[in-house]
Every structure is written in structure tokens, then in C-alpha cells.
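Visitor: I would like to go through this model step by step. Please show it first, and then I will ask.

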Amino acid sequence: MSDVTITSFSVHDVRYPTNVTGDGTDAMNKECDYSAAYVVLETSSDLKGQGMTFTIGRGNDIVCYAINHVANMVVGKKIEDFFADMGKTYDYLVSDPQLRWTGSEKGVIHLATAAVANAIWDLYAKARGKPLWKLICDFSPEEFVKSVCFRYITDAITPEEALAMLKEKESSKKAREEEVIKRGYPAYTTSVGWLGYSDEKIARLTKESLQQGFNHFKLKVGADWEDDLRRGMLIRSIIDNPENIRDDRKNVDPKTIEGKNAGPTGCVLMVDANQVWDVSQAVEYMQKLKPLKPWFIEEPTAPDDALGHASIRKQLKPHGIGVATGEHAHNRMTFKQLLQAEAIDVCQIDSCRLGGVSEVLAVLLMSAKFGIPVCPHAGGVGLCEYVIHLSLIDYICVSGNMDRNVLEFVDHLHENFLYPVSINSEGRYNVPQGEKVGYSIEMYQKSIEKFTYPSGSYWVAIANGEHPDTH
Ligand SMILES: C[C@H](O)[C@@H](O)[C@@H](O)[C@H](O)C(=O)O
Ligand SMILES: [Mg+2]
């Protein structure tokens, strides 16, 4: 293994036509074709590393273009040199003396960094024959700390503090690993409440999700408060009705819903505005949605505005509504400020917007130190496949807790992956297992070929005015 080098790479602009069915729509993003800017790193052995970042359609080509630049930096390198110090590998990826000016660590270039860094982590996990979560959970605390990028965040957490936190959790790791493999990791569903869905569809999907075992639901809001109230009360009327709850899901563990405004059946509702409001608008609007009794409002305002979030959180606290954000927080420094400013109740890391696993680990450590639960952003394409690994690392090694955490689940596009996520009968994520799983992101070749934009057979048929099958 010591001589294996990265020899070449290929980049793929893969776009799925989710816009046809209104999947993924919210008050800000009204036309979503869930897309992957996907990279495959080839090596001098049989090993390949797959990685991607997520966009919602147009512009996916720009990210692919940027990936070419970042991936070029890893060609000719020995994989074991990268694996020996993944913190340093991250620094290398973000420190090109010229590319750096196009970020740094934000925007398109950082999405590209995420795709390449994720591919290197995938390669690492496969080289050791373990799923990514297991690779990292088997690290010693020292190896874990070495994999994290601490640059610019040592005023919030130092490597020494991180080491002490990880050591404290070390002896109980095995028990947590066994428990989560047995029970699965708690999840919530967003699939019931996309903005483009009719009331009938929302009602049907909510009932179905209850039957699947979910008890946390998210609704898209922010386009029209009267519509939001109607749609939200519709969901509440279904999830709060004991007749709709499966017998074996009637006794909810109080620890899992503490402080979440759960209704009489123990079900929790969250709402997501996808950045449409100014600070004062967010506060006013959310007061109108108070009858929905949401646990939190997600992305109430601009994602870079830590102090704005802090102000919203302070003003909504008396109304019992929390604040969540993170899917557009472009780096660890933004999370640091959100945590330092006491701006969030829930931290929503994104596996593809942060620059790969090393940066995610930094945010997991900071969140644990500040006592804020991590509930990653998922959905889109491939994000669920990625984030189950990150939540497992958080539970087993970092926070040591999954009582109040819920990992987003969205039921789209999993069929395109060789190792798709799955949900058990209690509405929890199953733990990915297997020697070839890596970071769970390998896509079927036939899916890549069909949905490559604009030359894949699906998009060619669309250009010819045909109505091809969307799967
Ligand atoms: C455009 C996307 O579907 C978003 O609406 C989605 O990521 C969302 O914000 C979420 O929280 O899942
Ligand atoms: Mg969201």
C-alpha cells in the first residue's frame, strides 16, 4: 500500500430531474434538480476514491470545473502520505498559492475542496477495509486530533482540549458502538413537507411516515404565512392524533423530546425558511406560526449572519421556539461564531459545504464543547449517504449522546448508490457496514451515464422534447 499513488481523476456533472415532481422545493429554492459534482480518484492499484459535492442544478458545471483544479493537486501523490496526517492533507488542499484567492474556504472552490477531500477519505476507508465511520471511531484520540483542522478556531477549542474530550469518551466508545448498531441512529423526515406539495400529498406522506416509525417532521415555510399555518396545522392534526400512531411507537422516551414542544403523542415539528427573511421579519413571521409549536426555525435569515441569528434566537426564546442553521454555513469559522454568539440551539453541519471530514470533525468538537446537539443537514443527492457516518462519529467518539439528536432523512435518489442508506422500523438510520462501503458514495455507472448533463440519455431526450423516465 505504501507505494500506491493517485494517478488520475474524472469529474462528472450528474443532475437528477427532481424539479419535475417538486421534490426539494422551499421558499428560496423553487426549482431543484438535485445534482452531484462527482469525482473519481484513480490510483496505481485497484483502489478508487469516490467523492461529491451537492448543488441544485445550474452551476453544477462551475463546481465541476473547480474540482478539476483541486483534484489536479492530488495527482502523483502517495495515498499513505495523505492518510498519515489528514489534518495536514486538508491544509494542503486549501492552500494552493493561487487558487486560495478564489475562496478561501468558501463558495465554489470550497465545494470543490469538499468533493476531493471526501474522495480521499473514501479512499482511506476503503484502503483499510472499513466504513468511514468505523475507520475514524477506531482512531486513538491522538490520531483523531491529528485529522482535524484547527487553524483559525483555537480561540474556541485547542487540540489539547479536544484530546482531553476524546480521551474522556474513549473507554465507553465500544458500548455506544454496539448500542447504535443494534438500535440505529435517530432520524427525522423532511419528505412530507416540501413547498411544492399539495395538502393531500402532505397528509398522505405524513400518515405514511408515522407508519414508518418517524416522530420528528420538518415543514418548509416562508412563502405565505397563512398557507404555512394551514399546512402546519394539517400535519399537527395528523401527528397529534393518537389513532395515527403505531401501538409500538406510543411510549416515547421523554429524554428524546425534551424542550422540543412535542405534542400529546410525543411528535415533534420543525420548520425551515431557507434564508428568506431579514432579522425582524423572521421574528414577526415566527410569532404568527406559534400555534404550530415548532421545536426550531431553521435558516431564518442569511447564513453568514451569526449576530442576526443570535438576535432572532433571543427574541424567539420567550415564545419557546429555537433556532437551527448550518446547511449554508460555509466553513468552521462560521460555526465557531454561531456557537460563540449563542446563536443556535441546533448545529446543522453539511458534509459537502464544509471542506470534507477534517473540517466536519472540527465542528463536531466545537459543538460538543459548547453543548449544542449536531443534527446534520441531509437529503439532496448523496447527503444522507454521507451524514450517517458523521453522526455515528459524533455519537461514538465526540458528544457521546444521541438522545436529542435527529439526523435528517429525505427519501429521494438512494437507488443511484451502491451502498444506499436505509431506515429501520423505528424510523432510525441503519449503520452502514462492509469492507467496500468507504464513505457510501459510489454511484452506479449506469446512473452517472444516464443523468450526466447535458450528454446523458435522459437530458438528450429532454432536449429532443421527449418525456423520459425520471428514474
Ligand atoms: C433545496 C433543498 O432541497 C433544501 O430545501 C433542503 O436542503 C433543505 O433546506 C433541508 O433542510 O433539507
Ligand atoms: Mg434546510
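Visitor: Which residues of helix H13 (residues 332–340) are buried?

Guide: This is a predicted model, in which local features need pLDDT of at least 70, side-chain atom pairs count only at pLDDT 80 or more, and totals for chains, interfaces and linings use all residues. Residues are numbered from 1 along each chain as its sequence is written, while chains are lettered from A and ligands numbered from 1 in the order in which they are written. Helices (H or I, at least four residues) and strands (E, at least two) are DSSP runs, numbered from the N terminus, and a residue is buried if 20 or more other C-beta atoms, placed from the backbone, lie within 10 Å of its own, exposed if 12 or fewer, and partly exposed in between. By that rule the buried residues of H13 are Arg332, Thr334, Phe335, Lys336, Leu338 and Leu339.

Visitor: What covers the buried residues of H13?

Guide: Contact here is between two residues whose C-beta atoms, placed from the backbone, lie within 7 Å. The cover includes helix H12 (306–316), strand S8 (322–325), strand S9 (346–347) and helix H14 (357–370).

Visitor: In what order do the strands of the open sheet of 3 strands lie?

Guide: Two strands pair if DSSP finds at least two bridges between them. Strand S1 (6–15) and strand S3 (48–55) are the edge strands, each pairing on one side only. The pairing is antiparallel and the order is S1-S2-S3.

Visitor: How many bridges join S1 to strand S2 (residues 35–43)?

Guide: Two of the facing pairs can be named: Asp13 stands opposite Ala37 in S2, and Phe9 has Leu41 as its bridge partner in S2. S1 and S2 run antiparallel, and the number of bridges is 9.

Visitor: What angle does the direction of helix H1 (residues 60–72) make with that of S1?

Guide: Axes are lines fitted to C-alpha atoms, for helices over the stretch in contact, and angles run from 0 to 180 degrees between N-to-C directions. H1 packs on the sheet and touches S1, S2 and S3. Its direction makes an angle with that of S1 of about 175°.

Visitor: How far apart are the axes of helix H8 (residues 173–183) and helix H15 (residues 383–398)?

Guide: Lys173, Arg176, Glu177 and Val180 in H8 meet Leu392, Tyr395, Ile396 and Cys397 in H15. The two helices pack at an angle of about 145°, and their axes are apart by 8 Å.

Visitor: Is Ala117 buried or exposed?

Guide: Ala117 is in helix H4 (residues 107–127). Not counting residues up to four places away in sequence, Ala117 touches Tyr90, Leu93, Gly355, Gly356, Val357 and Ser358. Because 28 other C-beta atoms lie within 10 Å, Ala117 is buried.

Visitor: What is omega for the cis peptide bond that joins Tyr453 and Pro454?

Guide: Pro454 is in the loop between helix H16 (445–451) and helix H17 (457–463). The omega of the bond is about 0°.

Visitor: Phi of Leu413 is positive; near what value?

Guide: Leu413 lies in the loop between strand S10 (407–409) and strand S11 (428–429). Leu413 counts as buried because 25 other C-beta atoms lie within 10 Å. Leu413 is a residue other than glycine, and its phi is near 70°.

Visitor: Which residues come nearest to ligand 1?

Guide: A residue is near a molecule or strand if its C-beta atom, placed from the backbone, lies within 6 Å of it. There are 13 residues around ligand 1, and the nearest are Gly24, Asp26, Asn29, Thr190 and Gly379.
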